[in-house]
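Welcome! Take a look at the protein below, and then let's walk through a few of its features together.

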Amino acid sequence: MNPREKAPALSPVLLKELYQQRWRHNLKIPLFYGLLLTAGYLAWTASSVLFQWVMYCGMGYVWMSIVTMMHDSTHEALFKRPWKNWAFGIFAMIPLVVTFISFKEDHLEHHRYNRSAKDPDAFTMGKRGLLDFVLFYAYILAGGVLTIIQFTLLYPVRAFGRRQWLIHGAELLLRIAVLGGLLVWTSRLEVLDRFLKVWLIPGYVFTFLNSMRFIAEHYETPWNKGQLLGSRTIISNQVHSFFWNNINYHIGHHLYPGVPWYNLQRLHALLLPEITRTGAVVDPGYWRTFLKACWRGPESVERNARHLAQRAKLTEVSSSS
């Protein structure tokens, strides 16, 4: 939470209910892994190239389900016991190479300094120079590669102490053992090409969807105004909300990050009067927001202020008509 901003007041009784964790909701974890493995098996054995690609895309979509579930574990909102959050987080991130400790530390820093100069994830904001454009569109097209570089090397070098480096190193060794072992094993079985397709193609689909989601969450929201105004809620549809674990209700998540994913829709309803009063950004869909960002390119503070002023005028006109 930005120190200059307080979360909208909710009663202690409501907050206690919202923060309460219920184990049955985590039954989605085996469901998602079951869907992932089923799609992987069908892609592995299918003779139709078109059907294979449908399964690859489905796997990428379900990987987003698992990663947004893992995201709750960074806030210790998935399981009551901290070690369970760590165990699931480390396991879930193995196929994506990125270490859980690196993602967790970066993500918590993002929450502390949301949409400010200290936010490690605020790379869409700059001076709209050549390098800003290169980084912005490179993240859209090759976000997976940039994410691996950021979380494996750049962020740890900047932010890690001895303890974090030890955990980070151990996680990297685990990935080398698991992924390296799978590469050697499938190579000996002469199915390395199929393994790489089942791993890397869905991985690229996931990183593209993740770039779309990530940009939509904060792009062209007010700069340096804290959590409520500096986040965007995407109403989207109930399919995305189910599979992506309500991450689209992002304003509520930033205001109360310890609230589990299954209570975020209720939290949004409770916050709606304050969201409306302050003019916080709520939009109807991911694609619409993402395509606007692709057209407009990277942000600057001045351009951001002009855009928000125009948005406020349009909102005022539509409200009065």
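In which crossing does α1 pass α12, left-handed or right-handed?

## A helix pair

The crossing of α1 past α12 is left-handed, meaning that the near helix is turned anticlockwise from the far one by less than a right angle. This is a predicted model, where local features need pLDDT of at least 70 and side-chain atom pairs pLDDT 80 or more, while totals for chains, interfaces and linings use all residues. Residues are numbered from 1 along each chain as its sequence is written, and side-chain values use heavy atoms, without hydrogens or water.

Helix α1 covers residues 12-19 and helix α12 residues 264-278 (helices are DSSP runs of H or I, at least four residues, numbered from the N terminus). Their packing angle is about 155°, with axes 10 Å apart (axes are lines fitted to C-alpha atoms over the stretch in contact, and angles run from 0 to 180 degrees between N-to-C directions). The two are therefore roughly antiparallel (an angle over 145 degrees). L14, E17 and L18 of α1 meet R266, L267 and L270 of α12 (contact means heavy atoms within 4.5 Å).

## The largest pocket

The largest pocket has a volume of about 960 Å³ (the space filled by probe spheres set on grid points joined across faces, edges and corners). A pocket is an open set of points on a 1 Å grid where a 1.4 Å probe fits, with protein on both sides within 12 Å along at least five of seven lines; lining residues have an atom within 4 Å of a point. Among its 44 lining residues, Y139, G143, T147, F151 and N210 are the closest to the centre. Helix α6 gives the largest share of this lining, 14 residues.

Methods: Parallel < 35°, antiparallel > 145°, perpendicular 65-115°, else oblique.
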